[in-house]
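Please read this briefing alongside the sequence and the coordinates.

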Amino acid sequence: MGEAAIEVRGLRKSYGDLEAVKGIDLLVAEGEVFALLGPNGAGKTTTVEILEGFRGRTSGDVSVLGHDPAKARAEFRARIGIVLQSTGVDPYLTVRETVELYGGYYPNPRPADEVIEVVGLAEKRDTRVVKLSGGQQRRLDVAIALAGDPELLFLDEPTTGFDPGARRNAWEIVRNLAALRKTVFLTTHYMDEAQSLANRVAVISRGVILAEGPPSTLGDRHLAETIVRFRLPQGLAGVPEWGQVATSDGTLEVRSADPTRTLHEITGWALERNVRLEALDVSRPSLEDVYLDLTGEFAGPGGRE
Amino acid sequence: MSGLAQALRQVRFTNKAFWRNPASAFFTFAFPLMFLVIFTTLFGNDEIQVVGGATVSVSTFYVAAISAFSVISACYTNIAISVSFQRDAGILKRTRGTPLPPCAYLFGRVVHSVIIALILVAICAAFGVLFYEADVPTRTLPAFVATLLVGASCFSALGLAITAVIPNADASPAIVNASILPILFLSDIFIPFEDPPAWVDVVGKVFPVRHFSDAMQAAYFAPTGSGFRGVDLLVMAAWGIGGLVVAARFFSWEPRK
């Protein structure tokens with residue numbers, strides 16, 4: 001891990017009586033792709049806009065590239081790139097002109113054509129913005145954010161409203177950014193997006209960070225028991241005891257902290273007895289399970305309080 | 001790049017985008033000229049004594065009055081509406097997230113409008129020479145240029161200021177027109193009052209529009225002297241500074257919710 005690009009301690013933000021962010025800590029290393037994952041209204045956009053310097057904070061310490069974003073101006077802004085949720089550029093300029101316009105605001109812009117290439121809009125470079133599709137406009141947003149060659153890039157829900165193909169393309173772009181050694185701070189409410197892009201994920205809900213870590217170990221997922229599921233022919237006698245529990249549809253579930261051994265025992269027995277294990281499945285809790293469990297989204301409206 | 005170079009670059013891009021919307025560009029220019037042709041046709045035959053002492057035909061008067069209207073339309077109306085739309089579209093917020101000094105952005109926007117205003121005034125002057133016996137000012141040229149610059153600055157500042165009370169882009173044309181059209185009718189732009197009712201006179205004295213119209217008439221037609229109307233220019237300057245103060249305090253870069 002390199003130096004900290006973003007350091008947040010005890011960040012709070014209230015709008016009147018409503019406390020949108022309730023004292024969160026974040027640490028994002030240089031060169032890392034960090035995802036702030038949470039449902040709508042969790043405080044993601046408030047947090048990212050405080051980091052970007054668009055919004056003040058009620059209390060807490062915030063350092064982004066060594067600056068306090070609430071006070072910093074041009075020097076700070078020259079080092080960051082921002083992709084906002086809502087798009088907005090002049091509809092009558094072409095893609096290249098738009099990237100040149102915004103690149104010109106920065107001290108060391110990247111060549112416009114190069115940036116346009118990175119986001120895959122090379123064929124549209126002389127097309128006016130008004131004629132781009134929604135997905136292409138979103139890519140232009142990323143191109144504009146890259147135009148000044150920033151060290152740190154903020155992406156606020158970069159793929160919301162995309163079709164699956166467009167999402168894959170957007171992910172490819174973010175991976176390209178990571179390859180360019182940019183630090184990326186993205187917010188999303190898609191688990192798969194966080195899982196496939198981020199080195200580290202923080203789950204936020206109702207203004208509180210519920211869990212934080214690499215996607216593979218988030219919420220102690222790696223420590224959770226593995227579940228082996230299978231079905232046996234009806235009326236089979238002499239089935240050993242592995243701790244199996246029958247579910248309503250007759251599937252047997254075995255929870256194990258040592259899945260290698262458990263699986264070996266079950267399959268060894270099955271081979272010896274020449275029994276076919278129908279619908280054999282070995283699984284660990286998915287990030288989605290962890291996320292839903294953490295954010296309490298299964299608890300219905302209002303979640304778990 | 002310096003702030004000024006940035007602002008000029010901003011003017012270049014704004015200008016480029018403006019001309020790429022031919023329908024918008026055409027009506028930006030056609031609108032004030034339509035008023036010039038309509039009013040001169042309807043009321044143009046009488047004679048009138050204008051500010052500065054000259055007696056001219058009403059159609060000649062309209063060359064100066066509609067020049068002032070062109071500046072108000074290109075600066076106040078145009079800036080207020082376009083800035084409201086750019087704010088709603090998120091363009092202002094995006095720009096705010098870059099190192100560009102905010103003043104450079106707004107300065108670029110204002111300079112673009114002033115250029116449009118000056119082109120309109122030039123067209124009015126050409127119409128004046130060709131059809132309405134209004135010679136281009138020569139002896140009073142310094143007063144003419146000063147009046148245009150003070151007027152353009154004043155109404156640009158007010159255009160930025162009014163965006164503070166415009167809740168969203170959809171409401172902007174209604175609010176902007178409601179705030180300016182009645183004053184235009186009461187301030188010797190569309191209708192030259194020789195002996196206005198007292199309350200109309202008060203409206204004219206309070207708001208900057210009649211001061212602009214008066215200053216333009218003097219700068220255009222004054223038979224003697226420099227054509228400068230110091231008090232009118234000062235009142236406009238005061239409104240302009242007031243507009244800047246309001247804009248500096250209440251201007252919003254983000255869409256209002």
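Strand β8 (residues 200-205) of chain A pairs with strand β9 (residues 208-213) of chain A in the antiparallel sense, over five bridges; helices (H or I, at least four residues) and strands (E, at least two) are DSSP runs numbered from the N terminus, and two strands pair if DSSP finds at least two bridges between them. This is a predicted model, in which local features need pLDDT of at least 70 and side-chain atom pairs count only at pLDDT 80 or more, while totals for chains, interfaces and linings use all residues. Residues are numbered from 1 along each chain as its sequence is written, and chains are lettered from A and ligands numbered from 1 in the order in which they are written.

**The hairpin of chain A**
- Within the pairing, Ile204(A) stands opposite Ile209(A) of β9(A).
- Two residues lie between the strands β8(A) and β9(A) of this hairpin, where Arg206(A) takes a positive phi near 50 degrees.

**An enclosed helix in chain A**
- Helix α3 (residues 95-103) of chain A is largely enclosed by the rest of the structure, because seven of its nine residues are buried, a residue being buried if 20 or more other C-beta atoms, placed from the backbone, lie within 10 Å of its own, exposed if 12 or fewer do, and partly exposed in between.
- The buried residues of α3(A) are Val95(A), Glu97(A), Thr98(A), Val99(A), Leu101(A), Tyr102(A) and Gly103(A).
- Their cover includes α4 (112-118) and α5 (134-147) of chain A, together with α1 of chain B.

**Where chain B touches chain A**
- In chain B, 16 residues are in contact with 18 residues of chain A, contact meaning that the C-beta atoms of two residues, placed from the backbone, lie within 7 Å.
- On the side of chain B that touches chain A, the elements giving two or more residues are α1 (3-19) and α4 (91-96) of chain B, and α1(B) provides the largest share, four residues.

**The build of chain B**
- Chain B has 10 helices and two strands, which run α-α-β-β-α-α-α-α-α-α-α-α from the N terminus on.
- The radius of gyration of chain B is 18 Å, close to the 18 Å that the globule rule gives for 257 residues, so chain B is as compact as a globular protein of that length; the radius is taken over C-alpha atoms, and the rule is 2.2 Å times the number of residues to the power 0.38.
- Of the 257 residues of chain B, 49% count as buried.
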